[in-house]
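The sequence and the structure are shown below.

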Amino acid sequence: MLQQINPLYIYKATTFPETDQNRRTLFMDTTNTNGATAYGGTLGSHLARRLVQIGVTDVFSVPGDFNLTLLDHLIAEPGLNLVGCCNELNAGYAADGYARAKGVGACVVTFTVGGLSVLNAVAGAYSENLPLICIVGGPNSNDYGTNRILHHTIGLPDFSQELRCFQTITCAQAVVDNLEDAHELIDTAISTALKECKPVYISISCNLPGIPHPTFAREPVPYFLAPKVSNQLGLEAAVEATAEFLNKAVKPVIIGGPKLRVSKAQQAFVELADACGYPIAVMPSGKGLVPEHLPHFIGTYWGAVSTSFCGEIVESADAYMFVGPIFNDYSSVGYSLLIKKEKSIIVHPNRVTIGNGPSYGWVFMTDFLTALAKKLKKNTTAMENYRRIYVPPGIALRRENDEPLRVNILFKHIQEMLSGKHAVIAETGDSWFNCQKLCLPENCGYEFQMQYGSIGWSVGATLGYAQAAKDKRIIACIGDGSFQVTAQDISTMIRCEQKSIIFLINNGGYTIEVEIHDGPYNVIKNWDYTALVDAIHNGQGKCWTAKVKTEDDLVAAIATATSTHKESLCFIEVFLHKDDTSKELLEWGSRVSAANSRPPNPQ
């Protein structure tokens, strides 16, 4: 509730039940108990406190003359750590990775040259439903509305170019060029990011961060974001219709999707799985959101490249409920899923659709799954079918002495490394498919960027995730082509004393693109990757590198990385044949190629 009083804004706090949705605090009262104003806070300190309140303890930044004063105030906040990155793209990717681990991330760049550089990372966060606070140091407030031409622009007196670029990839934008409404603009933008689980853009004039204003109180009073509550009648109708649909099915299944994260419905999904006894699968982009130690978990449903026996069970079911799915050309393997709409129930974050209809709006996923768990009858028929046809995975063929390392041997050993104290970061490429086959132990994290699929994302994301999840050791699988895009921030990982293990897969090019459409453009210049990382290390900090060409080399490198150098950043360059790929990539690539090469429809 917003009231205007002389001219202070007072946000009336309302107390809500303690739930996952309500734990983040945002607003603060700007009056003390006797009505006097708490004067003296600055815009910079206000923004810093806001970031700390919502759970951000690390901010990824690249300095520029328009944001330097703001950075001073962020550094002055005891609860914030400023992480300087090598470029804005990696700062954005790092904030993306941080948001995956912490629930929200933030980056700070300078006007236009920095803002336009970070755009690609912000777009990726938008596609993955991640709250990312992108803060830009903007022009002096006196320059707005004038005919002046500023540096870091394209030479026109119009300063809105950057804002217009951000409008399509953020859910809210705030241009703070005066102090009177700065408090409201900042708080509205941050709260919108948390409520919508999308990035926001905040531009702050470079001459404002150090100026006190009465609307910036020194000590915030917690404010709880109002939880989203389902339409009760719609919820009851959706649950009854879904229960009737599933209870009359002979062999129903449930598939979890990537929007379980944005709905904060993982626990409700697990409780439903326990209650119904159905086989539980996960879409490829949802891997890591569904615990794989559940007794009814059968693997990844990815059409023709599904986990063995998982695709057959899902596509032969007479009812399937997809919870938080995204169906695109990649997740549908070139639109080749054998799924019939009339057999499906689609549970979106705020809507449930049964078959070809009906559809129930303003029904939130967590409420729906919790209520549905009480209505479903236990049905293990499909699970029993799965156990009848299941054959354990094969074992990689015995190697010859000094035989070049094969990709299936590499991932066999990565599988043996995993525990609940690890998290896996999979770069766009064949690592998508090889990492998808890893069986994740309980509490083992897993992240990749399937919707946006920007090569190079994983370097910054590994930096950000490791900075947020300091209780886990990150295992990142990165292709050589992707690494060449964003390699610089290995430097920042060393400076931040991170202890991730990076497997650099050197196979001479863009393997995933080779399998979709080959050409000379998919071959890259080979680097001496370990020498590059050693040069970046330069004897400062803890970093260890190794080259691996055989299984014996790999075993020795993993042993060293997990013992002698367990407190170091470990960079292991793995040499593989350019045609040594997962069988899933071969199948997927041919189907996606066919989808890409469809001729135009007749006019």
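Phe 309 is found in the loop between strand 11 (297–300) and helix 10 (310–315); helices (H or I, at least four residues) and strands (E, at least two) are DSSP runs numbered from the N terminus. The model is predicted: local features need pLDDT of at least 70, side-chain atom pairs count only at pLDDT 80 or more, and totals for chains, interfaces and linings use all residues. Residues are numbered from 1 along each chain as its sequence is written, and side-chain values use heavy atoms, with hydrogens and water left out.

Most residues other than glycine have a negative phi, and most peptide bonds are trans.

| Residue | Phi |
|---|---|
| Phe 309 | near 75° |
| Cys 197 | near 55° |

Cys 197 lies in the loop between helix 6 (182–196) and strand 8 (200–205). With a relative accessible area of 6%, Cys 197 is buried (under 20% relative accessible area, 1.4 Å probe, protein chains only).

The peptide bond from Gly 357 to Pro 358 is cis, with omega near 10°. Pro 358 belongs to the loop between strand 14 (351–354) and strand 15 (359–361).

Helix 7 (residues 232–247) packs against helix 11 (residues 365–373) at an angle of about 50°, their axes 10 Å apart; axes are lines fitted to C-alpha atoms over the stretch in contact, and angles run from 0 to 180 degrees between N-to-C directions. Leu 235, Ala 238, Val 239, Thr 242, Ala 243 and Leu 246 in helix 7 meet Asp 367, Phe 368, Ala 371 and Leu 372 in helix 11 (heavy atoms within 4.5 Å).

Note on methods: Buried < 20%, exposed > 50% of the residue type's maximum accessible area, 1.4 Å probe, protein only.
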